[in-house]
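Please look over the fold below. A set of questions and answers follows it.

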Amino acid sequence: MSKNAIEKIADRLGGSKSEKEFKTGLVLSGGAARGFAHVGVIKALHEAGIKPDIVSGVSAGSIVGAFYCDGFEPEEIFEIFENNKIFELVKVDFDNQGLLNINGLKDLLKKNLRTNRIEKLDKPLIITATNMEEGRTVFFAEGDLVDLVLASSSIPVLFSPTMINGVTFVDGGVTNNFPLEPLEGKCENLLGVHVNPIGHYDPEKGLAHLAVNAFHLSIASGIDLKKKKLDLFIEPEKLKDFTYYDIKRSKEMFDIGYQKAKEVLDG
């Protein structure tokens, strides 16, 4: 009988002592409201006895990663997101940089996160953002946690950029929406969750919805190559039937992430 994913991971961890720094690393993609699926996946991993030691996240993945590495259980993370309508916490702000700002998200992060510096989290977290002045990806492992999450989540055109040390940063997904690179060669097992299967577009949702969909379509390339480097890759295909701002269907997306992870782990 062939071994399932859980047994293969257990065998690898139970072998001879590894020279790698971490046992299990987790990569979390961006994906706006589809990020609820990340939380469901982590719940399934925990139930299987798999608890990542380090996380690399971008955009929505950086938000989930911040809470997870700050010691919150998956159910706690979902409750915070659901109760505070996390992806609705934007305010119209017609300035010369963006249509929206994310002050609501900033307030939520400051109110609920226990740790203010990324390097002081319970588990190591690497957050990806895009340096707009140099057009390059930056991987952060030090700095103000809230500022880094906001920088990683600032979708161009829709949201105002975030300034860090006088440098302009926008959504890390612009240059890297699946930040595998910081964990390569460092983990005995490398897991990844991609919540951007290409699918549903609703023209009735308006310009903002169009912009978000176009943005995520433009950054979808490269995932096929990256997933070959993982020990476990989870992409909940059913998410293609959800828009990036299907806030009211958050529990459905959480459950889809959970069920897909269970399926992959048992496969």
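Predicted model: local features only at pLDDT ≥ 70, side-chain atom pairs only at ≥ 80, totals over all residues.

Residues are numbered from 1 along each chain as its sequence is written, and side-chain values use heavy atoms, with hydrogens and water left out.

Q: How many helices and strands are in the chain?
A: Helices (H or I, at least four residues) and strands (E, at least two) are DSSP runs, numbered from the N terminus. The chain has 9 helices and 10 strands.

Q: What percentage of the residues in the chain is buried?
A: Buried means under 20% relative accessible area, exposed over 50%, and partly exposed in between (1.4 Å probe, protein chains only). Of the 267 residues in the chain, the buried share is 55%.

Q: What share of the contacts with a separation of 6 or more comes from residues 24 or more positions apart?
A: Contact means heavy atoms within 4.5 Å. Among contacts in the chain with a separation of 6 or more, residues 24 or more positions apart account for 75%.

Q: How many aromatic pairs does the structure hold?
A: Rings of Phe, Tyr and Trp (its six-membered ring) pair if their centres lie within 6.5 Å; planes under 30 degrees apart count as stacked, over 60 as edge-to-face and the rest as tilted. The number of aromatic pairs in the structure is 7.

Q: What kind of aromatic pair do Phe67 and Phe72 form?
A: Phe67 is buried, and Phe72 is buried too. Their rings are 5.4 Å apart, centre to centre, with 65° between the planes. The pair is edge-to-face.

Q: Why is the pair of Phe140 and Phe169 edge-to-face, and how many residues apart in sequence are the parts that the pair ties together?
A: The ring centres are 5.3 Å apart and the planes lie at 70°, so the pair counts as edge-to-face. Both Phe140 and Phe169 are buried. Phe140 lies in strand 6 (residues 136–140) and Phe169 in strand 8 (residues 167–171), so the pair ties together parts whose separation in sequence is 29 residues.

Q: Which residues do ring pairs link into a cluster?
A: Phe67 and Phe72, the edge-to-face pair, belong to this cluster. The linked residues are Phe36, Phe67, Phe72, Phe78, Phe81 and Phe254.

Q: Which rings have Lys43 and the charged end of Arg249 over them?
A: A charge sits over a ring if NZ of Lys or CZ of Arg is within 6 Å of the ring centre and within 35 degrees of the ring normal. For Lys43, at 5.0 Å from the ring centre, the ring is that of Tyr258. For Arg249, 3.8 Å from the centre, the ring is that of Phe242.

Q: How are helix 2 and helix 9 oriented to each other?
A: Axes are lines fitted to C-alpha atoms, for helices over the stretch in contact, and angles run from 0 to 180 degrees between N-to-C directions. Helix 2 (residues 36–47) and helix 9 (residues 250–266) pack at about 40°, with their axes 7 Å apart. Angles under 35 degrees count as roughly parallel, over 145 as roughly antiparallel, 65 to 115 as roughly perpendicular and the rest as oblique. Helix 2 and helix 9 are therefore oblique.

Q: Which residues in helix 9 does helix 2 meet, and what is the hand of the crossing?
A: From helix 2, the residues involved include Phe36 and Lys43. In helix 9 the residues met are Ser250, Met253, Phe254, Gly257, Tyr258, Ala261, Lys262 and Leu265. A crossing is left-handed if the near helix is turned anticlockwise from the far one by less than a right angle, and right-handed if clockwise. This crossing is right-handed.

Q: What is the orientation of helix 3 to helix 6?
A: Ser62, Ile63 and Ala66 in helix 3 meet Leu145, Val149 and Ser152 in helix 6. Their crossing is left-handed. The packing angle is about 155°, with the axes 8 Å apart. That makes helix 3, relative to helix 6, roughly antiparallel.

Q: Which residues does Asp147 touch, not counting residues up to four places away in sequence?
A: Asp147 is in helix 6 (residues 145–152). Its relative accessible area is 29%, so Asp147 is partly exposed. The residues touched are Thr162 and Ile164.

Q: Is Ala32 buried or exposed?
A: Ala32 lies in the loop between strand 1 (22–28) and helix 2. Its phi is near 50°, a positive value in a residue other than glycine. With 7% relative accessibility, Ala32 counts as buried.
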